[in-house]
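Trainee: I'd like to learn how to read a protein model. Could we go through it feature by feature?

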Amino acid sequence: MPTVIFRLDGPLQSWASPSHWEERNTLPFPTKSGVIGLTANCLGYTREQPLKGLAQCRYAVRADRPGHVMIDEQTAGGGPFPLDALTASTEGIDPTTFRYGVPRKPEPDDSGRLRAPWKDAERGTVLIKRQYLADAAFTASLTHPDPDLTQRIWKALNAPARLPALGVRNCPPAHSLAHLYLPDDHGEVNPDDACPAWAQNVPLLPNATTNRCEVWAEHPDGEEINAWQPPTSYAARDYTVLSMRRFLTTPPSNVPGAT
C-alpha cells in the first residue's frame, strides 16, 4: 500500500503521555495521534474537521536518533489576574473589583465538574515540570490503501498550510517533514508479525546515532501502550489507547561510526 515517510527531526520534541497538571511527560517516540495532528495541521484542517480518513492510516515509527529526556521547570501564576466573567457570575462577584492569583489546579466540585479555586487560601504559584526529547530524530510512516489520500498528505508535508511543530508549538522541525513517498507494498505488516518492510529497507537518517533501531508499529494484536489512537476530531478529544508492537531492526546505513 502507498506509504508516506516523515522525517521528525529537531532540537526538541514532546509527544504527550497520559500526564496532567504539574507533571507533563513525553513518550520516547512520536505518537500516532501527534503525527496525525501534525498532518492535519499541514493539510489546513480545523479542530472540528473529522479525522476519520487520517486516523485509519496504519502508523509506524523508527528511532534513528533516540535523543535524551530533558526537563524544563516552568512556573505559572503568582501575580494578580482579573477574575474571569464565568467565575464572577457564578460566585456573584464584580470582576472589575476583584483580582486573584492563578489557582494551583482545577479541583472537582460536589457535582464532579472541575473548577479553578479562586479564594486566597487556595491560590498560589504552580511549578510545572515539562519533559522534552532533546537531539532526537525519527523516521515515521502513515500507510493507507487510498493513493489520493497519501498523495495529499505528501503534498501537504512539502507545502504545509500552517507552521508544523514536533508535538508542541515551541518545537519546530529542523528539516522538511517530507522524507520519502513509497507507492507500493512498503508499509505492510507481514502475516508473521515481522517489522514493517520500510523500517528495514529505508536508509537511516544522516544524523543517526545507531544502526540497531527500535521500531514501534501499530498492530491489532499488539500491546496496549500509553500512545493515543487519534480522536474522531480534535475538538471531540475522544481518544482511545493504541495497540503497538516493538521491534529491533538494522536498516541500511552509510553513517560513519554508527553502532
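Mentor: The expected span of a helix is 1.5 Å times one less than its number of residues. One caution: this model is predicted, so local features need pLDDT of at least 70 and side-chain atom pairs count only at pLDDT 80 or more, while totals for chains, interfaces and linings use all residues. Residues are numbered from 1 along each chain as its sequence is written, and side-chain values use heavy atoms, with hydrogens and water left out.

Trainee: What span does helix α4 have, and what is expected?

Mentor: Helix α4 covers residues 147-158, which is 12 residues, and reaches 17 Å from first C-alpha to last, close to the expected 16 Å. Helix α1 also has 12 residues, reaching 16 Å, close to the 16 Å expected. Just after α1, G44 takes a positive phi of about 85°.

Trainee: Which residues of α4 are buried?

Mentor: Buried means under 20% relative accessible area, exposed over 50%, and partly exposed in between (1.4 Å probe, protein chains only). In α4, the buried ones are L149, T150, I153, W154, A156 and L157. They sit on the same side of α4, because they cover an arc of only 165° around the axis; that arc is taken from the directions from the helix axis to the C-beta atoms. The general idea is that an α-helix has 3.6 residues a turn, so residues three or four places apart point the same way. The face of α4 turned away from the buried side carries D148 and K155, which are exposed.

Trainee: What do the buried residues of α4 pack against?

Mentor: For packing we use contacts, meaning heavy atoms within 4.5 Å. The partners are β1 (3-13), α1 (32-43), α2 (52-55), β9 (126-143) and β10 (178-182). Take L157: leaving out residues up to four places away in sequence, L157 touches V4, F6, C42, S176, L177 and A178.

Trainee: Which residue caps the N-terminal end of α4?

Mentor: Here you need polar contacts: pairs of N or O atoms within 3.5 Å; within protein, one must be able to donate a hydrogen and the other to accept it, and residues adjacent in sequence count only if both atoms are side-chain atoms. The cap is D146, with a side-chain oxygen 3.0 Å from the backbone nitrogen of D148. Over in strand β9 you'll find T139, whose side chain makes a polar contact of 3.0 Å with that of D64. T139 is buried, with a relative accessible area of 1%.

Trainee: How many residues are in the largest nonpolar core?

Mentor: A nonpolar core is a set of buried Ala, Val, Leu, Ile, Met, Phe, Trp, Tyr and Cys residues joined through side-chain atoms within 4.5 Å. The largest has 36 residues, and I153 and L157 are among those with the most contacts inside it. β9 gives the largest share of this core, 6 residues. A second, separate core of 10 residues includes C195, V202, V215 and A217.

Trainee: How many disulfides does the structure have?

Mentor: In general, a disulfide is a covalent bond between the sulfur atoms of two cysteines. The search looks for a pair of cysteine sulfur atoms within 2.5 Å, and across the whole structure the count is 0. For C213, the nearest cysteine sulfur is that of C195, 9.5 Å away. C213 counts as buried because its relative accessibility is 0%.

Notes. Helix = DSSP H or I, 4+ residues; strand = E, 2+ residues; numbered from the N terminus.
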